[in-house]
Amino acid sequence: MKDIDVLIIGAGPAGVAAGIGARREGAEHVVILERDWDAGGILQQCIHPGFGLRTFREELTGPEYMHRFIKQAHEAGVEFRQNTMVFEMDENPDGSMGVWTMNKERGIERLEPKAIVLAMGCRERPLGAIRIPGSRPAGIYTAGTAQRFVNMEGHMPGKKAVILGSGDIGLIMARRMIWEGAEVEGVYEVMSWPGGLRRNIAQCLDDYGIPFHLETTVTKIHGKDRLEGVTVAKIDPATRAPIAGTERFVECDTLLLAIGLIPENELSRMAGVEIHPVTGGPVVNDLLQTSKAPVFAAGNVVIVYDLVDNVSDEGLIAGTNAAKFAAGKLNADMRRIPVKGGDNVRLFSPQYVTGERDVTIFMRITHPIEGACKVVANTDTGVKLYMQRLRYARPGEMNEVRLKAEQVKELGSDVNSIIIDIQPA
Ligand SMILES: Cc1cc2nc3c(=O)[nH]c(=O)nc-3n(C[C@H](O)[C@H](O)[C@H](O)COP(=O)(O)OP(=O)(O)OC[C@H]3O[C@@H](n4cnc5c(N)ncnc54)[C@H](O)[C@@H]3O)c2cc1C
């Protein structure tokens, strides 16, 4: 099928917003493909409040937040195709892109749209990623799987849980397990600082008296058929190795893992889209265009965001630019100026700026700065572009650099890069 202007893969917050953006920009035929039975992405299982404070100035649950966007998308004329899995994406000899899809009613189809938006989100790192010794009994889940069981399918994973990792989903699930009558023995984090937002530490752990152990990890799993307990130990922050003599047995029947999220990019890799080695997402410019000109990307498939509001904003931008590309109205120099991270920057996106629009560069740092500091963006030739003072900066919380299109456009050809960083003030 070649009549599709913009094809979006994934009907989560990024994909649905991309659909709205594409239709608003004038794309005639906009289709969102979703492998699940309904649109909404991961937000379908996030039934706690706290979404949409910025976008709607209201405190909504995940499904309520998504309902508003899905309604807007339907009203805008976006076509949704659920139960449709995209299993392959490739490039035609003329540079256009095609995808192979599978759906029970429609069978296997090849679609060749004018532009594509990748909005496949991310998945959780599983137990295999951290290789804990011991047996593999029942009772070990990623926090997101447990969230789906409890919030959507009505099953409790267990009665006494240990949570490994302090990513936001783990913190939210610690509170959820308490609400459902389970006991949470503690949350264990190998790093010296929390992986999730401070807000979630306060609201999900402190408010419920759940102990939080930094520089501590699970070193062994016990149990045959069902989990019977785990050994936890303090670690040496310099070597990340367990400290002998600090081991402690913790009885539990459930271990929930919140040890990181990985952007879901098997399709992108298959199609030869350049993937950033640190973010794990496509390399994009400020128009959210990837290294393959007809392919755009937004949301957690690019970089794991803290706030869904940012995901929706980025989805709108990707959809708008995909529609411009489909209409032959996008001729920007994709990689006009590369962005580089300073010493304390772990990852950031986008990696290039064109100066075609005002841009927010999202970044995470490697080490916390617990005191006055500043976010800066300067060119390699010393032009100061941005400075914002902060009271602190932490790896678990995303920081932003905002650049005006005019600032970037005015830069001369002697500028080779823009360097972003967070430094003590
Ligand atoms: C397990 C989990 C739990 C979370 N819980 C919270 C929370 O409680 N609170 C919070 O603030 N944030 C939470 N988040 C973060 C939140 O999910 C993101 O902010 C937001 O959902 C990202 O939106 P997205 O559209 O990029 O991705 P997603 O919401 O993940 O949507 C991606 C969509 O793409 C579809 N898809 C993927 N591959 C294909 C394919 N090949 N073919 C067709 N469809 C495909 C997926 O089925 C999915 O519907 C959670 C994230 C995860 C992974």
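Which side chain has an N or O atom 2.6 Å from an oxygen atom of the ligand? The side chain is that of Glu 34. The model is predicted: local features need pLDDT of at least 70, side-chain atom pairs count only at pLDDT 80 or more, and totals for chains, interfaces and linings use all residues. Residues are numbered from 1 along each chain as its sequence is written, and side-chain values use heavy atoms, with hydrogens and water left out.

A polar backbone atom of Ala 14 lies 2.9 Å from a ligand oxygen. For a backbone N or O atom of Pro 13, the distance to a ligand oxygen is 3.2 Å. On its own, the ligand has 980 Å² of accessible area (Shrake-Rupley method, 1.4 Å probe). The protein covers 93% of that area.

The shell around the ligand holds 31 residues, each with a heavy atom within 4 Å of it. Ala 14, Glu 34, Ile 42, His 48 and Asn 300 are the closest. By class, 18 are nonpolar, ten polar and three charged. Gly counts as polar in this scheme. Domain 1 (1-123 + 261-334) and domain 2 (126-259) each supply at least three shell residues. The domain bounds come from an automatic or database assignment.

The protein has eight helices and 28 strands. These are DSSP runs (helices H or I, at least four residues; strands E, at least two). Of its 425 residues, 56% are buried, meaning under 20% relative accessible area (1.4 Å probe, protein chains only). The C-alpha atoms fill a box of roughly 65 × 60 × 40 Å along the principal axes.

Methods
A polar contact is a pair of N or O atoms within 3.5 Å; within protein, one must be able to donate a hydrogen and the other to accept it, and residues adjacent in sequence count only if both atoms are side-chain atoms. Buried means under 20% relative accessible area, exposed over 50%, partly exposed in between (1.4 Å probe, protein chains only).
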